[in-house]
Amino acid sequence: MQTGQIFKIHSDFYYIQAGDEIFECKLRHVLKKQKQKVFVGDFVEFTNGAIEKILPRKNYITRPTVANIDQVIIISAVKEPELSFLQLNRYIAFAKYHNLNTVLCFNKNDLSNDDKVIEKVFKIYEPLGFDILFTSALEGYGVDEFKNILKGKTSVLCGASGVGKSSLINAVSGINLRTKEVSDKTGRGTHTTRHCEIIKIDEDSRIVDTPGFSNLKFDFLLPLDVDSLFVEMLPYKGMCKYQDCLHINETDCAIKAHLGEIDETRYESYIAFVEEAKEYKEKVKYQGVKTESSHKQTHDKTAVKISLRKRQGARNTLKQNVYKDIDNE
């Protein structure tokens, strides 16, 4: 039995790094029946081309689906595409939800002569405690600093398509990932990375390259939980008059009373995420009828569960046999 880490998943094949060797494996059928989820970054035990066991994870995120990571580096473009504070705040809140250390990297610095954007970035995010980095993969500006941030860690790069994730990876790794220009028609990037993959930078530094995405929504948590994703709101959390305060239209709201200390784009993002969370609340409200699951979770494994009807049938049979035994005595 060997132990290694999954660095790429393609179709039903899992590519595992074990030392200096790479193995192509498939998932053992019993793990499929148990509905075991396998992520890029998982450490596994395997033998003869089959994964036998998924080892415990220290953490994982679901979008992109990656396990065992140390930090998230959010890549945004200063220009081409234009910097979206809503999208940036979305990634930041998502990383906060997963309790991951976050670094903000603003690429394509060579394309902008507008210092107002840079000043605004520092004004908003530096007081919140974020590490901020400006780079230009094309000109090599900030690349050494970017490489230092990666040192000794497994880092997930996330950001919209076209912000230059692949170009930055090329700059620090010496490999040549495919890149593509931002569309003149839409002003948006196109996907060049098609799947998650761990890329080795040096002996102790790794990057998880991910496909760009823009449809991440907060439709998986309740509206009352959204404020916990904004660090500037935490000092006032629980100080509002109403326990179910959403800090939007309510009176005697502690957070609304301190809006002068919260950047406008951050508060606008908060409202947008609350609206998305309301969709989830409605879904739970109207579709929250409890149904019996066909599987049960035991010790991090999923097992097939006998249905209620079959269990009841077995109990009735048992009772009948008991009564037969009594009648025959």
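Is Lys 278 buried, partly exposed or exposed? Lys 278 counts as partly exposed, because its relative accessibility is 31%. Here, buried stands for under 20% relative accessible area, exposed for over 50%, and partly exposed for what lies in between, using a 1.4 Å probe and protein chains only.

Before we go on, a word about the model. This is a predicted model, in which local features need pLDDT of at least 70 and side-chain atom pairs count only at pLDDT 80 or more, while totals for chains, interfaces and linings use all residues. Residues are numbered from 1 along each chain as its sequence is written, and side-chain values use heavy atoms, with hydrogens and water left out.

## Salt bridges

Side chains of opposite charge can pair when their charged atoms come close. Such a salt bridge needs a side-chain nitrogen of Lys or Arg within 4 Å of a carboxyl oxygen of Asp or Glu.

| Pair | N to O distance | Relative accessibility |
|---|---|---|
| Arg 57 and Asp 42 | 2.7 Å | Arg 57: 29%; Asp 42: 0% |
| Lys 237 and Asp 227 | 2.6 Å | Lys 237: 39%; Asp 227: 5% |
| Lys 278 and Glu 275 | 3.2 Å | Lys 278: 31%; Glu 275: 39% |

The helices (H or I, at least four residues) and strands (E, at least two) are DSSP runs, numbered from the N terminus. Arg 57 is partly exposed, whereas Asp 42 is buried.

Lys 237 and Asp 227 are 10 residues apart, and each sits in the loop between β13 (205-209) and α6. Lys 237 is partly exposed, while Asp 227 counts as buried.

Back to Lys 278: this residue and Glu 275 both belong to helix α7, three residues apart, which is about one turn of the helix. Glu 275 is partly exposed too.

## The nonpolar cores

A nonpolar core is a set of buried Ala, Val, Leu, Ile, Met, Phe, Trp, Tyr and Cys residues joined through side-chain atoms within 4.5 Å. The largest one has 52 residues, and Ile 74, Leu 104, Phe 106, Val 121, Tyr 125 and Tyr 270 have the most contacts inside it. Among the elements that give two or more residues to this core are β8 (71-77), β9 (101-107), α3 and α7 (264-287). Helix α2 supplies the largest share, seven residues. Apart from this core lies another, of 19 residues, among them Val 103, Leu 150, Leu 157 and Ile 207.

What does Tyr 270 touch, leaving aside its neighbours within four places in sequence? Tyr 270 is in contact (heavy atoms within 4.5 Å) with Val 226, Asp 227, Phe 230, Met 233, Leu 246, His 247 and Ile 248.

Helix α3 (residues 115-125) has Val 121, Ile 124 and Tyr 125 as its buried residues. Seen down the axis of α3, these fall within an arc of 80 degrees (taken from the directions from the helix axis to the C-beta atoms), so they line one face of the helix. The face turned away from that buried side carries the exposed residues Lys 116, Glu 119 and Lys 123.

Thr 135 lies in the loop between β10 (131-134) and α4 (143-150). Its relative accessibility is 0%, so Thr 135 counts as buried.
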